[in-house]
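Please read them with the structure open.

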Amino acid sequence: MRVLVLGAGFGGLELSTRLSEELGDEADVILIDKSDDFIMGFSKLDVMFGRTTAEAVRHSYADVVKPGVRFVQSVIRSIDPDSRSVETDAGRFEGDVLVVALGADLDPSATPGLVEAGHEFYTPAGAFAAAKVLDSFTGGRVIVGVTSTPFKCPPAPSETALMLHDFLVGRGLREASEISLVMPLGSPIPPSPAASEALLVAFAERGITWSPDSLVRSLDGERRVAVLADGRELPFDLFLGVPAHRVPDVVAESGMCVDGWIPVDPLTLETTYPDVYAVGDVTSVGTPKAGVFSERQAGVVADRLIERHRSEAGHATYDGTGLCYIEFGSDRIGRVEVTFRSGQPPVGTFNEPSQELRERKADFGSSRAKRWFGTDWANH
Ligand SMILES: Cc1cc2nc3c(=O)[nH]c(=O)nc-3n(C[C@H](O)[C@H](O)[C@H](O)COP(=O)(O)OP(=O)(O)OC[C@H]3O[C@@H](n4cnc5c(N)ncnc54)[C@H](O)[C@@H]3O)c2cc1C
């Protein structure tokens with residue numbers, strides 16, 4: 001059974017690793033990604049705030065050496081879900097099973113003025129460029145603003161505001177600065193009221209202005225104001241933006257999307273095409289767009305494929321759960337575990353921020369680096 005895995009992010013890496021671990025040489029996986037390397041989402045914030053370097057957070061795909069897995073570095077140009085085949089710059093590939101794990105692309109140009117007058121920090125290039133901007137920042141009004149929904153890692157803008165506070169304090173610039181956080185959500189982490197409350201307290205203690213239920217629609221570079229969806233205007237000296245998200249063009253052109261994302265069975269991650277699965281940010285499965293959800297969905301698909309390889313009935317199903325570490329500033333990390341089940345309201349638990357959880361977050365990163373790339377990575 002040849003498994004064609006499109007995209008080597010959280011989903012594609014976990015799927016390929018699990019199949020290799022369980023099936024060894026009997027796994028027949030082709031894993032395709034256009035990039036040279038993988039960068040974890042939270043590493044972008046670490047680089048942006050000068051905690052580490054861009055080089056230190058890159059995980060090279062050359063290190064993906066696993067029994068039964070062949071990594072192909074190439075751009076996927078078209079996907080045919082009927083024949084489970086793709087055209088790439090390295091030729092055509094076909095699978096008995098196709099798994100689409102191509103994530104969400106970011107489109108800063110969708111927000112008028114963002115490219116010209118602001119800085120997006122959600123792509124690696126954007127976050128690394130923002131690090132240079134922050135390095136030469138001398139204080140002023142900063143907006144951390146979300147421009148559209150859905151967006152990856154809903155806690156990330158809150159973390160950014162808190163990390164920015166610490167950064168400015170460290171540089172002696174906090175007194176000369178204001179921080180505003182513009183978010184489309186009614187609370188920072190809706191499924192966990194306790195986590196939301198703790199974040200709102202942290203914002204208040206640090207003088208961070210929180211604007212819920214708001215989106216930034218455009219930036220006026222001449223007047224240096226952000227225009228919100230409700231018409232309000234907020235002045236800024238530095239705008240750090242979360243850009244619009246959409247599926248990669250190759251996915252949009254495949255005909256697999258409904259309302260912009262690939263619909264899947266929330267329990268099995270099957271698409272409407274036989275033997276074609278989709279996991280992670282590229283889907284509309286109903287969980288937030290975050291690596292931990294992509295990874296867990298990929299684990300379920302792997303388990304179902306392993307069952308199939310062993311001629312067992314398919315039992316593995318997705319439970320909608322994800323565990324997320326949240327930067328609270330002052331070197332402390334909180335943790336939420338949330339569950340999204342179709343037809344039920346999401347629920348979440350919260351662990352208060354602590355130093356100990358910083359070590360757990362570091363373990364989260366280093367354990368993935370070890371399993372997926374076979375490398376030792378100290379990310380703190
Ligand atoms: C600032 C920030 C902080 C974050 N923090 C966290 C966090 O703490 N915890 C967490 O769980 N998540 C976090 N995230 C979210 C997380 O990074 C994403 O949700 C996660 O990477 C999604 O995994 P995925 O496998 O669905 O897609 P991705 O990881 O995006 O992988 C998709 C892959 O497809 C490849 N690809 C796309 N198009 C093509 C093509 N045409 N040809 C070939 N290859 C292609 C890409 O190169 C990419 O490697 C954060 C995100 C950001 C931006």
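1. Start with the cover over helix 2. Helix 4 (124-135) and helix 5 are among the elements that cover the buried residues of helix 2. Keep in mind throughout that this is a predicted model. Helix 2 is mostly covered, with seven of its eight residues buried. The buried ones are Phe42, Ser43, Lys44, Leu45, Asp46, Val47 and Met48. After helix 2 comes Gly50, with a positive phi near 70 degrees.

2. Which helix gives the most residues to the shell around the ligand? Helix 2 does, with four residues. The shell holds 33 residues, and those that come nearest to the ligand are Gly7, Gly9, Gly41, Gly103 and Gly280. Two or more shell residues come from each of helix 1 (10-23), strand 2 (28-33), helix 2 (41-48) and helix 8 (291-309).

3. By class, the shell around the ligand has 17 nonpolar, 10 polar and six charged residues. Both domains contribute: at least three shell residues come from each of domain 1 and domain 2.

4. Now the domains themselves. The assignment for the protein chain gives domain 1 as 2-104 + 247-309 and domain 2 as 107-244. Taken over C-alpha atoms, the domain centres are separated by 30 Å. In the contact region, 14 residues of domain 1 meet 16 residues of domain 2. The domain 1 side of this contact has nine nonpolar, two polar and three charged residues.

5. The largest nonpolar core has 57 residues. Met48, Val142, Ile143, Ala161, Leu164 and Leu181 have the most contacts inside this core. Helix 5 (residues 156-170) supplies the largest share, seven residues. The core draws at least three residues from each of domain 1 and domain 2. Met48 also belongs to the buried set of helix 2.

6. Which residues does Ile143 contact, leaving aside neighbours within four places in sequence? They are Ser180, Val182, Ala226, Leu234, Phe236 and Phe239. There is also a second, separate core, of 52 residues. Trp261, Tyr277, Val279 and Ala298 are among its members.

7. Ile76 deserves a look. Ile76 sits in strand 6 (residues 76-80). Why does Ile76 count as buried? Because 24 other C-beta atoms lie within 10 Å, and the cut-off for a buried residue is 20 or more. Beyond its neighbours within four places in sequence, Ile76 contacts Leu6, Ile32, Val86, Thr88 and Val250. Ala362 is elsewhere: 286 residues along the chain from Ile76, with 33 Å between the two C-alpha atoms.

8. Strand 21 (residues 321-329) pairs with strand 22 (residues 332-339) in the antiparallel sense, over eight bridges. Cys324 has Val336 of strand 22 as its bridge partner. The hairpin of strand 21 and strand 22 has two residues between the strands, and Ser330 there takes a positive phi near 50 degrees.

9. Strand 22 pairs again, with strand 23 (residues 347-354). This pairing is antiparallel too, over six bridges. Here the bridge partner of Val338 is Gly348, in strand 23.

Terms used. Residues are numbered from 1 along each chain as its sequence is written. This is a predicted model: local features need pLDDT of at least 70, side-chain atom pairs count only at pLDDT 80 or more; totals for chains, interfaces and linings use all residues. Domain bounds come from an automatic or database domain assignment. Two residues are in contact if their C-beta atoms, placed from the backbone, lie within 7 Å. Ala, Val, Leu, Ile, Met, Phe, Trp, Tyr, Cys and Pro count as nonpolar, Asp, Glu, Lys and Arg as charged, and the others, Gly among them, as polar. A residue is near a molecule or strand if its C-beta atom, placed from the backbone, lies within 6 Å of it. A nonpolar core is a set of buried Ala, Val, Leu, Ile, Met, Phe, Trp, Tyr and Cys residues joined through C-beta atoms within 7 Å. A residue is buried if 20 or more other C-beta atoms lie within 10 Å of its own, exposed if 12 or fewer, and partly exposed in between; C-beta atoms are placed from the backbone. Two strands pair if DSSP finds at least two bridges between them.
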